[in-house]
Amino acid sequence: MTVTINTLQQRKQNQETFTCITAYDASFTRLMNQVGIECLLIGDSLGMVLQGHKTTTSVTVDDICYHTASVARANENSFILADMPFMSFATVDKALTNAEKLIRAGANMVKIECGAWAADITEKLHQNGIPVCAHIGLLPQAVHIEGGYKIQGKTPEQAAQMIKDAKTLESAGCQMLLMECVLASTAKAVDEAINIPTIGIGAGPTTTGQVLVMHDILGVYPTPPKFSKNFMKASGSIQEALETYHLAVKNREFPSIEHSFTAD
């Protein structure tokens, strides 16, 4: 079955989960298809795990297009989500131009790191037939402003703002929402406040879907974040590790408290 945004929306309505993982090439895409992973993210994480940079800010639209096309050629049934990299959506016109490139490369949806300020951009993309996933919480592209990677939604004021931003973006036409490094209770409140599917990465167990970076799942990246898990440790092959991750998400065994951020 080919996974579409309607498939993921149905998962939200049925209170079912789906699995997402970063993908960058054809070979791993085939394995992920075989396992049944529903959503593949061509993440700007490639700047760190593939290119060796310290942050994601060096990644270009051409980089994402190249890897999106590589994934799309091999993909048979997964939903393809592609990151809009640093400064690629600074204006509405820039966002339209760059999002068009990603869709033509094979993406089914683009992801933007933003807040409510991107409502106009989201609305314009939606009007032009480009589906949008908003990325809130920790924004790696804003690492230089934040001064590092920090947990988000820790105070009642921050939680209220995240809920407000999520509702604004949904009203603007956003069809999916990703939350990164968000207090689990805040992520749950955001998920319950909107009707579109949510994806969590370090956002607790209650989001519709879960995403991890492939290199963290396979134990390749030397400094994995707290919210990730090395599924390769207890697996005999890469495919088995991917299957274990997929089933752990589907059975709501991952993420556990160990891989979530709580107020305690």
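Colleague: At what angle do helix α2 and helix α4 pack?

Modeller: In this predicted model, two packed helices can be described by the angle between their axes and the distance between the axes. Helix α2 covers residues 26-35 and helix α4 covers residues 61-74, and their axes lie 8 Å apart. The two helices are therefore oblique to each other, and the angle at which they pack is about 45°.

Colleague: What radius of gyration does the protein chain have, and what would a compact globule have?

Modeller: The C-alpha atoms of the protein chain fill a box of roughly 45 × 45 × 40 Å along the principal axes, and the secondary structure within the chain comes to 11 helices and 8 strands. For 264 residues, a compact globule would have a radius of gyration near 18 Å, and the chain agrees with this, its own value being 17 Å.

Colleague: What share of the residues in the protein chain is buried?

Modeller: Among the contacts in the protein chain with a separation of 6 or more, 63% are accounted for by residues 24 or more positions apart. As for burial, which is counted over the 264 residues of the protein chain, the buried share is 56%.

Colleague: Is Thr-56 buried or exposed?

Modeller: Thr-56 lies in the loop between α3 (46-49) and α4, and, leaving aside neighbours within four places in sequence, Thr-56 is in contact with Asp-44, Ser-45, Met-48, Pro-140 and Gln-141. The relative accessibility of Thr-56 is 4%, and Thr-56 therefore counts as buried.

Colleague: Which peptide bond is cis, with omega near 0°?

Modeller: Most residues other than glycine have a negative phi, and most peptide bonds are trans. Pro-255, which lies in the segment after α11 (238-250), takes part in a bond that is cis, with omega near 0°, namely the one from Phe-254 to Pro-255.

Colleague: What is the phi of Gln-15, and is Gln-15 buried or exposed?

Modeller: Gln-15 is found in the loop between α1 (5-13) and β1 (18-22), and although Gln-15 is not a glycine, its phi is positive, at about 55°. The relative accessibility of Gln-15 is 68%, so this residue counts as exposed.

Colleague: Is Cys-181 buried or exposed?

Modeller: Cys-181 sits in the loop between β6 (176-180) and α9 (184-193), and its phi, near 50°, is a positive value in a residue other than glycine. Because its relative accessibility is 8%, Cys-181 counts as buried.

Colleague: How far apart in space are Ile-194 and Gln-15, C-alpha to C-alpha?

Modeller: Ile-194 lies in the loop between α9 and β7 (198-201), and at 3% relative accessibility Ile-194 counts as buried. Not counting residues up to four places away in sequence, Ile-194 touches Lys-12, Ala-166, Lys-167, Glu-170 and Leu-177. Ile-194 and Gln-15 are 179 residues apart in sequence, and their distance in space, C-alpha to C-alpha, is 13 Å.

Key
Residues numbered from 1 in each chain as written. Predicted model: local features only at pLDDT ≥ 70, side-chain atom pairs only at ≥ 80, totals over all residues. Heavy atoms only, no water. Axes fitted to C-alpha atoms, helices over the stretch in contact; angles between N-to-C directions. Helix = DSSP H or I, 4+ residues; strand = E, 2+ residues; numbered from the N terminus. Parallel < 35°, antiparallel > 145°, perpendicular 65-115°, else oblique. Rg over C-alpha atoms; globule rule 2.2 N^0.38 Å. Buried < 20%, exposed > 50% of the residue type's maximum accessible area, 1.4 Å probe, protein only. Contact = heavy atoms within 4.5 Å.
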